[in-house]
Amino acid sequence: MPMFILSLSWTDQGIRSVKDAPKRAQASKELAKKMGIDVKEVYLTSGDDDLLVIVDTQNGDNVAKYALALGSQGNVRTRTARAWPESEFRKLISELP
């Protein structure tokens, strides 16, 4: 199942209501489930991003829709990256011409 990493940064709106972040995180997990996405982990981070969300899904289009839905609520900006575990990474490298 493809894995994706979403890096989220709070908007001005999102940081003003940061105390609601745990409720928003739970709502985003419920939204993900409805969209066929399994949220594996949610991390509060330091640095350029505020949150890191690791998800699995059968379809990468679902992740794009999920990121757009989250962003449309106005609390976060999202960046999404496809991630391959080490075993798949090794396989990809071994198949290079």
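Predicted model: local features only at pLDDT ≥ 70, side-chain atom pairs only at ≥ 80, totals over all residues.
Two packed helices are described by the angle between their axes and the distance between the axes. Here helix H2 (residues 21–34) and helix H3 (residues 60–72) have axes that come within 10 Å and cross at roughly 145°; the axes are lines fitted to C-alpha atoms, for helices over the stretch in contact, with angles from 0 to 180 degrees between N-to-C directions. On the H2 side, Ser-28, Lys-29, Leu-31 and Ala-32 meet Tyr-66, Ala-69 and Leu-70 of H3. By class, this contact has 5 nonpolar, 1 polar and 1 charged residues (Ala, Val, Leu, Ile, Met, Phe, Trp, Tyr, Cys and Pro count as nonpolar, Asp, Glu, Lys and Arg as charged, and the others, Gly among them, as polar).

As for the whole protein, the secondary structure comes to 4 helices and 4 strands, taken as DSSP runs numbered from the N terminus (H or I, at least four residues, for helices; E, at least two, for strands). From the N terminus on, the elements run β-α-α-β-β-α-β-α. The C-alpha atoms fill a box of roughly 50 × 30 × 20 Å along the principal axes. Of the contacts with a separation of 6 or more, 68% are between residues 24 or more positions apart, contact being heavy atoms within 4.5 Å. The protein exposes about 6,600 Å², and carbon and sulfur atoms supply 54% of that, by the Shrake-Rupley method with a 1.4 Å probe.

Buried residues make up 29% of the 97 residues, where buried means under 20% relative accessible area, exposed over 50%, and partly exposed in between (1.4 Å probe, protein chains only). Thr-11, in the loop between strand S1 (3–10) and helix H1 (12–16), has a relative accessible area of 9% and so is buried. Its side chain reaches the backbone oxygen of Gly-74 at 2.5 Å. Leaving aside neighbours within four places in sequence, Thr-11 is in contact with Gly-74, Asn-75, Val-76 and Arg-77. Asn-62, found in helix H3, is also buried because its relative accessible area is 17%. With the neighbours within four places in sequence set aside, Asn-62 is in contact with Met-35, Gly-36, Ile-37 and Thr-57.

Now for the end of the chain. Trp-84 sits in the loop between strand S4 (76–83) and H4 and, at 44% relative accessibility, counts as partly exposed. Beyond its neighbours within four places in sequence, Trp-84 is in contact with Phe-89 and Leu-92. Arg-90 lies in helix H4 (residues 86–94) and is exposed at 54% relative accessibility. The side chains of Arg-90 and Glu-86 are joined by a polar contact of 2.6 Å (a pair of N or O atoms within 3.5 Å; within protein, one must be able to donate a hydrogen and the other to accept it, and residues adjacent in sequence count only if both atoms are side-chain atoms). Lys-23 and Glu-86, 63 residues apart in sequence, are 33 Å apart in space, C-alpha to C-alpha.

How values were computed
Residues numbered from 1 in each chain as written. Heavy atoms only, no water.
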